[in-house]
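Here is a quick tour of one chain, taken a piece at a time. Have the sequence and the 3D view open as you read.

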Amino acid sequence: MAWPLQFLFRGLRTVGLVLLYYVFSIGITFYNKWLMKGFHYPLFMTLVHLAIIFCLSTVTRRAMQCWTGKPRIILSWEDYLHKVAPTAFATALDIGLSNWSFLFITISLYTMTKSSAVLFILFFSLVFKLEEPNPFLILVVLLIASGLFMFTFESTQFNMEGFIMVLLASFIGGIRWTLTQVLMQKAELGLQNPIDAMYHLQPLMFLCLFPLFLYNEALSLSVSEKLFRVTELSPLLYSLMTLSLGGALAFGLGFSEFLLVSRTSSLTLSISGIFKEVCTLLLAASLMGDRMSKLNWLGFAVCLCGISLHVGLKAFYSKNKAPSVRKLGSKSSELQLPLLRQNGEKCEDSAADDFNDEEEEQEICLH
């Protein structure tokens with residue numbers, strides 16, 4: 001009787017974590033589009049979000065340090081500038097261009113175009129030899145590319161400027177996630193925990209976007225009544241609250257992805273992401289009035305087939321080879337957060353610590 005209850009509990013926990021991920025991921029997409037309708041400063045919005053994420057990650061790191069009694073990792077300046085900076089710059093440009101595109105395109109076109117990031121991630125994974133060549137990858141590329149073409153073909157709400165922005169963001173996103181994988185696989189850096197990664201990435205991301213903000217938005221924002229030329233206090237407080245909400249959603253998205261992967265698997269996150277795209281398009285059509293033809297829906301379905309094939313191939317081939325990267329165990333002290341810790345796991349800390357210490361001595365082999 002205990003086994004079915006345990007199975008049910010794990011199932012409910014997985015569903016809860018997936019729903020939490022959906023809330024933050026879909027929420028921030030609709031939030032960005034909604035905010036851009038009246039606040040035409042996407043780069044400033046992104047800078048505020050980065051600052052909030054840095055503050056929240058700092059507080060989270062301090063809480064985790066107090067709970068575990070172990071100091072958090074702080075990189076040297078040499079490692080920070082040489083190994084973290086490329087990832088930070090790529091991430092900043094990806095997010096900045098993505099948010100900027102909401103001034104021009106619909107949520108449905110944004111969602112579909114961002115799905116093409118799988119192609120660029122796959123390409124750069126092959127370049128960096130993180131992915132092994134496979135004949136099925138040609139089919140994945142053809143499905144996603146043809147699906148994207150059908151989705152944008154004769155679209156009534158197509159905008160070339162926004163489309164190019166998102167496509168460029170997807171290309172940079174391929175570099176971003178490939179560099180992020182390399183960064184988090186380097187055990188000597190100690191950034192396997194995404195909270196530590198976010199803490200180290202945000203300052204450099206801020207510095208990367210700030211010159212672009214000064215060139216494109218600083219002058220117009222300084223004379224705008226949205227912030228600096230307000231005549232009443234309430235509009236200023238409203239703007240600050242809405243910007244802060246986006247920062248909290250962005251941090252919650254990264255944190256919910258971390259929880260979902262650490263408590264289930266990366267495969268669960270990938271499959272959840274596929275259904276998340278479907279939910280986003282359905283909500284965009286019903287709530288935002290996005291218009292999509294039958295050919296557009298067919299293109300979206302074809303693209304999802306390509307993404308699903310890629311996820312399935314990753315799962316299949318990962319079972320047939322030894323893991324090349326150190327994984328954090330589900331009972332690692334890195335993952336034992338105060339609100340998630342189970343009573344029955346408290347007594348296993350010492351054994352888990354010994355196990356993790358042995359794991360850290362193993363060599364990491366990148367393909």
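## A buried threonine

Threonine 280 is buried, since its relative accessible area is 3%, and the cut-off for buried is under 20%. Bear in mind that this is a predicted model, here and in everything that follows.

If you skip the neighbours within four places in sequence, threonine 280 is in contact with Ile26, Phe30, Ile107 and Thr111.

## The chain as a whole

So what is the chain made of? Its secondary structure comes to 13 helices and zero strands. Reading along the sequence, you get the pattern α-α-α-α-α-α-α-α-α-α-α-α-α.

There are 367 residues in the chain, and buried ones make up 45% of them. Take the contacts with a separation of 6 or more: 83% of these are between residues 24 or more positions apart.

## Helix α4, mostly tucked away

Helix α4 runs over residues 107-114, and it is largely enclosed by the rest of the structure, because seven of its eight residues are buried.

With neighbours within four places in sequence left aside, leucine 148 is in contact with Met112, Thr113, Ser116, Phe163 and Leu167.

## Helix α2 on its own

Helix α2 spans residues 42-68, which is 27 residues. From its first C-alpha to its last it reaches 38 Å, close to the 39 Å expected at 1.5 Å a residue. Just after α2 comes glycine 69, with a positive phi of about 75°.

Two packed helices are described by the angle between their axes and the distance between the axes. Start with α2 and helix α8 (residues 194-216): they pack at about 160°, and their axes are 9 Å apart. The two are therefore roughly antiparallel to each other, as angles over 145 degrees count that way. The crossing of α2 and α8 is left-handed.

Next, α2 and α3. Their axes come within 9 Å and cross at roughly 135°, so α2 and α3 are oblique to each other. Their crossing is right-handed. Which residues make the contact? On the α2 side they are Pro42, Leu43, Met45 and Thr46, and on the α3 side Ile95, Gly96, Asn99 and Trp100.

That leaves α3 and α8. Helix α3 (residues 77-101) packs against α8 at an angle of about 50°, with the axes 7 Å apart. That angle makes α3 oblique to α8. The crossing of α3 and α8 is right-handed.

## Leucine 249 in α10

Is leucine 249 buried or exposed? It counts as buried, at 14% relative accessibility. Leucine 249 lies in helix α10, residues 233-263. Leaving out neighbours within four places in sequence, leucine 249 is in contact with Phe24, Gly27, Ile28 and Tyr31.

The C-alpha atoms of leucine 249 and histidine 49 are separated by 8.9 Å, though the two residues are 200 residues apart along the chain.

## Cysteines

How many disulfides does the structure hold? The count is zero. Cysteine 305, for one, is in no disulfide: the nearest cysteine sulfur belongs to cysteine 303 and is 9.2 Å away, whereas a disulfide needs the sulfur atoms within 2.5 Å.

Cysteine 305 is partly exposed, with a relative accessible area of 45%. Cysteine 55 is partly exposed as well, at 47%.

Methods:
Residues are numbered from 1 along each chain as its sequence is written. This is a predicted model: local features need pLDDT of at least 70, side-chain atom pairs count only at pLDDT 80 or more; totals for chains, interfaces and linings use all residues. Side-chain values use heavy atoms; hydrogens and water are left out. Helices (H or I, at least four residues) and strands (E, at least two) are DSSP runs, numbered from the N terminus. The expected span of a helix is 1.5 Å times one less than its number of residues. Buried means under 20% relative accessible area, exposed over 50%, partly exposed in between (1.4 Å probe, protein chains only). Contact means heavy atoms within 4.5 Å. Axes are lines fitted to C-alpha atoms, for helices over the stretch in contact, and angles run from 0 to 180 degrees between N-to-C directions. Angles under 35 degrees count as roughly parallel, over 145 as roughly antiparallel, 65 to 115 as roughly perpendicular and the rest as oblique. A crossing is left-handed if the near helix is turned anticlockwise from the far one by less than a right angle, and right-handed if clockwise.
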